[in-house]
Amino acid sequence: RYLKKRNLSGNSITAYISGVRFYFRMFDEITPENLREYRKFLISHYRPSTVNQRIYAINHFSDFSESAEPYRLSSVNIQKIYGCGYF
C-alpha cells in the first residue's frame with residue numbers, strides 16, 4: 001500500500017519487494033555498516049541498473065519503517081555510451 005501511494009508501477013513494487021527480501025537474506029537489520037556492505041556486494045555482482053533498483057528498494061523501505069532516523073544509500077552512476085565513439 002505504501003508503494004502504491006507513491007504511484008509506483010506494479011512491476012516496480014514487485015521488484016522492490018524482492019530487493020528488500022534479498023537484503024534481509026543477507027542481514028538481520030538495517031544499519032549504516034550493513035548498508036555499506038550490501039552496496040559493495042551489489043556493485044561487485046550486478047549491473048548498475050540492478051544495483052540502483054535494489055538501492056531504491058532499500059531506501060523506500062527505510063523511509064517506510066518506523067525507525068527514528070531512516071538510512072539512505074546513494075545510487076551508482078550509470079555511464080552512457082553513445083555509438084562507437086566517433087563524433
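Phe22 is buried, since its relative accessibility is 15%; buried here means under 20% relative accessible area, exposed over 50% and partly exposed in between, with a 1.4 Å probe and protein chains only. Phe41 is partly exposed at 24%. The model is a predicted one, in which local features need pLDDT of at least 70 and side-chain atom pairs count only at pLDDT 80 or more, while totals for chains, interfaces and linings use all residues. Residues are numbered from 1 along each chain as its sequence is written, and side-chain values use heavy atoms, with hydrogens and water left out.

**Aromatic pairs**

The whole structure holds eleven aromatic pairs. Rings of Phe, Tyr and Trp (its six-membered ring) pair if their centres lie within 6.5 Å; planes under 30 degrees apart count as stacked, over 60 as edge-to-face and the rest as tilted. Two of the pairs are tabulated.

| Pair | Centre distance | Plane angle | Class |
|---|---|---|---|
| Phe22 and Phe41 | 6.1 Å | 35 degrees | tilted |
| Phe24 and Phe61 | 5.5 Å | 75 degrees | edge-to-face |

Phe22 belongs to helix H2 (residues 10-26) and Phe41 to helix H3, so their pair ties together parts 19 residues apart in sequence. Helices (H or I, at least four residues) are DSSP runs, numbered from the N terminus. Phe24 is in H2 and Phe61 in H4, so this pair links parts that are 37 residues apart in sequence. Phe24 is partly exposed at 31%, and Phe61 is partly exposed at 26%.

**Helix packing**

H2 and H3 pack at an angle of about 110 degrees, and their axes are 11 Å apart. Axes are lines fitted to C-alpha atoms, for helices over the stretch in contact, and angles run from 0 to 180 degrees between N-to-C directions. H2 is therefore roughly perpendicular to H3 (under 35 degrees is roughly parallel, over 145 roughly antiparallel, 65 to 115 roughly perpendicular and the rest oblique). On the H2 side, Gly19, Phe22, Tyr23 and Met26 meet Asn34, Leu35, Tyr38, Phe41 and Leu42 of H3, where contact means heavy atoms within 4.5 Å.

H3 (residues 32-45) and H4 (residues 48-64) have axes 9 Å apart, at an angle of about 160 degrees. The two helices are therefore roughly antiparallel. H3 contributes Leu35, Tyr38, Arg39, Leu42 and Ile43 to this contact, and H4 contributes Val51, Arg54, Ile55 and Ile58.
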